[in-house]
Amino acid sequence: MNGPYVQQPGEGQPTPGAQPPTQPPAGHTQQHPPVVPEQQMQAPHTAQQQTAQPSAPAQLPHQQQGAPAPAAPQAPGHPPPGQQTPGQQTPGQQTPEEQLADLTGATTDGLREVDTSNQNLQDGVNRCPRCGATDIQLRASSGMLMCLFCRHEWSEKQFDQNKLGNVPISDLRGTVIGTGAAEIQADVNEIVTMKCSGCGAEVVVNTAEAMSARCHWCRHNLTVNEQIPNGAVPDAVLPFALTRDQAIERIREFTNKRKMFADRTFRKEFRPENVAGVYMPYMVVDANASVDAVGEGEVQTRQYTRKRGDKRETVYDADVYRVERHLDFMTDDLTLESSAERADMNTLVNTNNIINTILPFDTENAVRWNANYLNGFSSEKRDQDVSHLEPVLENQLLSIGRSRLTESIRNYGRGVRWEAERINVRGTRWVSMYLPVWLYSYYHTERGKNMVHYIAVNARTGETMGSIPVSHGRLWIAAITSGTIIEGAAIAALVATL
Amino acid sequence: MNTLLIALATVLPIASSSSDGYLLALLLAGPVGGGVVYWMIYRYYRNTDKTHHFEAETRVETRPATGSDTKVNSIRGTRRRAIPGRNDGDHRTRVRRF
C-alpha cells in the first residue's frame, strides 16, 4: 500500500457521494516515479493543476490616441507644437525598443538590477506632446493623462514586468529587481532641486510629500521623474480608474449598511466627500519556488458505535501515514506592502488590514512612471527594500505552497498534520509600484485610545473595505437582549421536555 | 441563525456530559449567545479579521505534486473525528522549518 505519490490529472476534484471509509489515499499506487521529469510538466496556463486567478477589470487603453486631433490652441507662455525643449517627452515618437527592452542589467551584491527609468522624461518641465503646456493630470474615467489646456489625452506605455530579465517566471534564477526597487540609501536627500526649463528658476520639491511643484515664477508644473535611491520614484504606476464620485458612492454604500451600531459621533461627523486619492507603495513580485512539507495523515478505515456505561459512543479506526509532498510553483504579481507603517497590521492599534484587504490590483495594467499621474493625488513613499521584504515573501510563498498541496492530500479524510516545511526560492523578480487607493480616514478617540479608522476603495476594481467605530453601549444592549431571548428559548425547551 | 448554531456548538458538549452539565448548559446558553452576538456585530463593523487572501487571489501556476505516503501505524477505537493537531487547512500558521 505504501509508495510514492504523484498527483494525477483531475485528482482532488470533488466527486459525488461519500468516500468509502476503507479507501486508502489515491497516491498509494506505484505506477509513477516520485519525481516528474521536466518534459512531462505541462506548459503554463494549460496544466489542469494550474489556476489563473482573479478576473481583472476591463483593461484601460494604454496606447496614445492616434486619431488626428483638431489643431489645438497654443497655450499662452508655451511653445507651439514642434518647438519643444530638449529632453521633452514625445510619446508619439517613441521607438518600440524603449527602456524596458534595453535590459542589459547591472549586478550589485548578488542582485541584478534592470534599468526601468523612463528615459523620455526628466526632472523638471515635461510638456503636453500636442500643445506644450505643462498642466497635465490623470483623467481617471479614461485612465489617460490629459492636458488641462488642450484636452489632449495620451498614456505612458504599459509596464511589462516579464521583460525584467527577459525570462518567463519558470526560468527565473536569483534576484532581479527594477531600478525603482533599488536599495534606499540613507544619505540620499529627499529634497530634489529642479531647474525650470521655462524660466531658469530653481524649484525645490520634498519627495517625501510631493512629486511635483509649480514654478513660482513662470507657473510651469515641474515633475520628479528621474530615479534616485530614496524610494520616491517607483518602476511603474497603476493609474486611478475609479473616479472620486464613484469612490464616494461606494463608501456611502458601505457605511449605510453599518449605521445602527456605529459610534454616534462618527455618524454625525461622517463626510465621505473628504475621501482622498492616495498612491500606496508596493513591491510586486514574481517568484519561482518550491515547497516541501512533511507530516502525518489519517485515513478512516471503520466507524462504529460501542457501549460505554449507559451510553453509546461513536468511535473510529484509522490508518496513519507518513506524508511527504513536494510542489514546484510560480507566482505572478504577488503584492507586498513596501511601507513599514502600512505593513504593520496589528488590529489592536491600527486598521491597516483594511487597506491590505482590498488587494489585489490588476498590476499587469501598470504603466511606466510619469509623475503627472500623481497630480491631484497624494502618495506615500516606499521605505522598505527587497532585503526587508524577503522574509515576508518567503512566508507568503510557504502559505501559497501549503494551500496548493491541499489537492494532493484530499484522500486523507481525517486530515493531515504538517510537522515540518521548507521553501526553496529559485528566483524572484521585484518591481516597485504605486497602486491607487481612495481612502477615507476617521480619527477616533475612545477611552483615551486613539485610532485612525480607514474605509478604503480599490481604485481599479472598486472593492471596498472599512473599519467603522462602534457604539459599545448599543452593542451591549443588542447582546443582552439576544442573550435573554436565547435563555428564554432554552428554558422553554426544558419546560416542554419535562 | 449563526448565533444560535455557535451557541449550541458551545453548550452542547457540556450538556451531553451529564445531567448537571445539562443544567449548566442551559444557564450558559444566554450569556454565550449574547457574547456571540456582540462579537459578530463588532466584527462586521470593524472587520478586524479581514486580510488579503493572497493564497487564493494570486495567480499561481503549479506543477504536479510529488512525494510519498508510508503507512506507519493503525489506531483502533478512537473517539477523535480528525487527526490531532490537524493543520492542513491552516496555511498561514508556520510549522518547523527543515
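Figure 1. A:L145 has A:W154 of strand 7 of chain A as its bridge partner. This is a predicted model, in which local features need pLDDT of at least 70 and side-chain atom pairs count only at pLDDT 80 or more, while totals for chains, interfaces and linings use all residues. Residues are numbered from 1 along each chain as its sequence is written, and chains are lettered from A and ligands numbered from 1 in the order in which they are written. Strand 6 (residues 144-147) and strand 7 of chain A are antiparallel and share two bridges; two strands pair if DSSP finds at least two bridges between them. Helices (H or I, at least four residues) and strands (E, at least two) are DSSP runs, numbered from the N terminus.

**Figure 2. The rest of that sheet, with its hairpin.** Four bridges hold strand 5 of chain A to strand 6 of chain A, again in the antiparallel sense, and A:Q137 stands opposite A:M146 in strand 6 of chain A. Four residues lie between these strands in the hairpin, where A:G143 takes a positive phi near 75 degrees. The open sheet has three strands in the order 5-6-7. Strand 5 (136-139) and strand 7 (153-154) of chain A are at the edges with a single partner strand each, so one side of each has no neighbour in the sheet.

**Figure 3. Where chain A meets chain B.** Here 92 residues from chain A and 61 residues from chain B take part in the contact; two residues are in contact if their C-beta atoms, placed from the backbone, lie within 7 Å. Strand 15 of chain A gives the largest share of the chain A side, 21 residues. That side divides into 45 nonpolar, 27 polar and 20 charged residues.

**Figure 4. Strands joined across the two chains.** Strand 15 of chain A runs antiparallel to strand 2 (residues 66-78) of chain B, and 10 bridges join them. One place to look is A:V323, whose bridge partner in strand 2 of chain B is B:D69. Chain B itself has three helices and three strands, in the pattern α-α-α-β-β-β along the sequence.

**Figure 5. Helix 5 of chain A and its surroundings.** This helix of 19 residues reaches 25 Å from its first C-alpha to its last, close to the 27 Å expected at 1.5 Å a residue; the expected span is 1.5 Å times one less than the number of residues. Its buried residues include A:V386, A:L389 and A:L393. A residue is buried if 20 or more other C-beta atoms lie within 10 Å of its own, exposed if 12 or fewer, and partly exposed in between, with C-beta atoms placed from the backbone. The buried residues of helix 5 pack against elements of both chains, among them strand 15 of chain A and helix 3 (54-57) of chain B.

**Figure 6. The largest nonpolar core.** It has 108 residues, and A:V237 and A:M433 are among those with the most contacts inside it. Strand 18 of chain A supplies the largest share, 13 residues. A nonpolar core is a set of buried Ala, Val, Leu, Ile, Met, Phe, Trp, Tyr and Cys residues joined through C-beta atoms within 7 Å.

Methods:
Nonpolar A, V, L, I, M, F, W, Y, C, P; charged D, E, K, R; others polar.
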